[in-house]
Amino acid sequence: MGLAKILIVDDDKNLLELVGMVLQSADYEVTTIPDEEKALETARKQVFDLAVVDLRLVRMDGITLMNDLHQINPEMPVIILTAHSSVKSAVEAIRMGAFNYLAKPFDPDELLLQIEKALENRRLQSEVKRLEGILKERYSFSNIIANSHKMQSVLGLVSRIAPTDSTVFIYGESGTGKELIAKTLHLASARKEKRFVAINCAAIPETLLESELFGYEKGAFTGAVKNSKGFLAQAHGGTLFLDEIGDMPLSIQAKLLRVLQERQFYPLGSENPVDVDIRLVVATNKDLEAEVKKGAFREDLFYRIHVIPVHVPSLRERKEDIVPLAEHFLRKSAEKMNRVIKGFATMAMQKMMLHDWPGNVRELENAVEYAVAVTRSEIITEDVVLPSREAAPRSPRPFKEAKEDFERDYLIWILQAAEGNVSKAAELAGKYRADLYALLKKYNLKPDTFKPGV
């Protein structure tokens, strides 16, 4: 990585020279300019990583110059230099976008510390934007539909934790897309060029899981005719995803704990330890704290893996996503089956919105695939969506809770039908726009997320 380029603007040439020498001795690439207009001209020609600007200049104040510099380079942090009598103005500068201020006379070490903090802050902000861009590009409608506030919050958390190597604990019901979140974490991390190795702990018998996870040497057991690399070795440098970790046998839990503590393991039949560098992501649909209390899951392992919890909401908690998800699955299935399907009838959409989806996104995908396969028209009608299936009976609930659930579901359905147009939705609902807006605010629903192509 090249040296950070720093622009210094101050009409005090002695201070300019002093600051320039301090920063150059700290291996920064420094440009010192005493004139505001020349500073702006230079900033248009060169890209600077940071600017240090005096609050009191000849032709303009430092806040105005900072605003002009931000017009040229909005991401560039600015540190304001000020006299003691101008501290109040410097605080105002922070409110208007300065990273920080230093009162004169200042300690050169303090200036270096503030510059280091500002550059690190900028680096982190740039990385978060890059990760959010990756998520938006790769996992918008093509993979992860996140119109709902709850799923947007999940993806926001993913973008923040992806750069770290901390263990991630993903939990939620079956079919919610936990593996997709794990893959997103991997592809948005520094390990994206290495392997993403996924294991379903519930799908592999206990007798095989240990050898599959740790690998084995030739002759370790009957049938071991050659050396075999286990999933841990395969994931070296990358990400290991342990799905349904709540189903991992206790005997293997103990060995996994040792790997996480020592960062090395022994293949079956070997006396030589193998070092391993992995980012661990686990997922479960079980309440592991309850499993710990029952003695079915090790408490020490639970605290080792429960570092950053990520909850993936059920489909009934994110009903705003049902129609966009269904439309995505329709396009996917129609293309796979080489069929021309234009969309869903309104009543088919309503039926999907009112269904509880106990199988979550996986159930929705299967239902849409079935409808695409059997429909005889270009529009999917309600009779082929969840055929002969009534809404699952619910146990009695408090009136207020049931009323709120109905209101929210109805608002989502009416906004889908009106394609996010509030005036049209109010007309369909027979309500004043102001009343509809009040209900939308109550349930944190944003009309823009229901507009086509959003």
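Reader: Where is D27 found?

Author: This is a predicted model. In it, D27 sits in the loop between helix 1 (13-25) and strand 2 (29-33).

Reader: What is phi of D27 near?

Author: Phi of D27 is near 70°. That is a positive value in a residue other than glycine.

Reader: Buried or exposed, D27?

Author: D27 counts as exposed because its relative accessible area is 53%, and the cut-off for exposed is over 50%.

Reader: Which loop holds E244, and what is its phi?

Author: E244 also has a positive phi without being a glycine, at about 50°. The loop that holds E244 runs between strand 8 (239-243) and helix 10 (250-262).

Reader: And is E244 buried or exposed?

Author: E244 is buried, with a relative accessible area of 12%. Buried means under 20%.

Reader: Staying with the backbone, where is the cis peptide bond?

Author: The cis peptide bond joins K104 and P105, with omega about -10°. P105 is in the loop between strand 5 (100-103) and helix 5 (108-138).

Reader: New topic. How many residues are in the largest nonpolar core?

Author: The largest nonpolar core has 42 residues. Those with the most contacts inside this core are F344, M352, W357, L364, V368 and I380.

Reader: Which helices each supply at least two residues of this core?

Author: They are helix 13 (322-337), helix 14 (346-354), helix 15 (360-374), helix 16 (399-417), helix 17 (422-429) and helix 18 (433-442). Helix 13 gives the largest share, seven residues.

Reader: What does L364 touch?

Author: Leaving out residues up to four places away in sequence, L364 touches L315, I322, L325, A326, F329, M352 and W357. M352 and W357 are also listed with L364 among the residues with the most contacts inside the core.

Reader: How many residues are in the second core?

Author: The second core is separate and has 30 residues, including C201, I278, L280 and F297. As a general point, nonpolar side chains tend to be buried together in soluble globular proteins.

Reader: Back to helix 15. Which of its residues are buried?

Author: The buried residues of helix 15 are N360, V361, E363, L364, A367, V368, A371 and V372. They pack against helix 13, helix 14, strand 13 (343-344) and strand 14 (379-380).

Reader: How far apart are the end C-alpha atoms of helix 15?

Author: They are 22 Å apart. At 1.5 Å a residue, the 15 residues of helix 15 should span 21 Å, so the two values agree.

Reader: Now helix 16 and helix 17. At what angle do they pack?

Author: Helix 16 and helix 17 pack at about 120°, and their axes are 9 Å apart. That angle makes helix 16 oblique to helix 17. Their crossing is right-handed.

Reader: Which residues make the contact?

Author: Helix 16 contributes Y410, I414, L415 and A417. From helix 17 come K424, A425, L428 and A429.

Reader: What about helix 8 and helix 10, at what angle do they cross?

Author: The axes of helix 8 (residues 206-214) and helix 10 cross at roughly 15° and come within 10 Å. Helix 8 and helix 10 are therefore roughly parallel to each other, since angles under 35 degrees count that way. The crossing of helix 8 and helix 10 is left-handed.

Reader: And which residues make that contact?

Author: On helix 8 they are E206, L209, E210, L213 and F214. On helix 10 they are S251, I252, K255, L256 and V259.

Reader: Left-handed or right-handed, the crossing of helix 2 and helix 3?

Author: The crossing of helix 2 and helix 3 is right-handed. Helix 2 (residues 36-45) and helix 3 (residues 62-72) pack at about 15°, with axes 10 Å apart, and so they are roughly parallel to each other. The contact is made by E36, L40, A43 and R44 of helix 2 with L65, D68, L69 and I72 of helix 3.

Reader: Last one. Where is E179, and what does it touch?

Author: E179 is in helix 7 (residues 178-187). Not counting residues up to four places away in sequence, E179 touches F196, A198 and F241. E179 is partly exposed, with a relative accessible area of 32%.

Reader: How many residues apart in sequence are E179 and V281?

Author: E179 and V281 are 102 residues apart in sequence, and 9.5 Å apart in space, C-alpha to C-alpha.

Conventions
Residues are numbered from 1 along each chain as its sequence is written. This is a predicted model: local features need pLDDT of at least 70, side-chain atom pairs count only at pLDDT 80 or more; totals for chains, interfaces and linings use all residues. Side-chain values use heavy atoms; hydrogens and water are left out. A nonpolar core is a set of buried Ala, Val, Leu, Ile, Met, Phe, Trp, Tyr and Cys residues joined through side-chain atoms within 4.5 Å. Buried means under 20% relative accessible area, exposed over 50%, partly exposed in between (1.4 Å probe, protein chains only). Helices (H or I, at least four residues) and strands (E, at least two) are DSSP runs, numbered from the N terminus. Contact means heavy atoms within 4.5 Å. The expected span of a helix is 1.5 Å times one less than its number of residues. Axes are lines fitted to C-alpha atoms, for helices over the stretch in contact, and angles run from 0 to 180 degrees between N-to-C directions. Angles under 35 degrees count as roughly parallel, over 145 as roughly antiparallel, 65 to 115 as roughly perpendicular and the rest as oblique. A crossing is left-handed if the near helix is turned anticlockwise from the far one by less than a right angle, and right-handed if clockwise.
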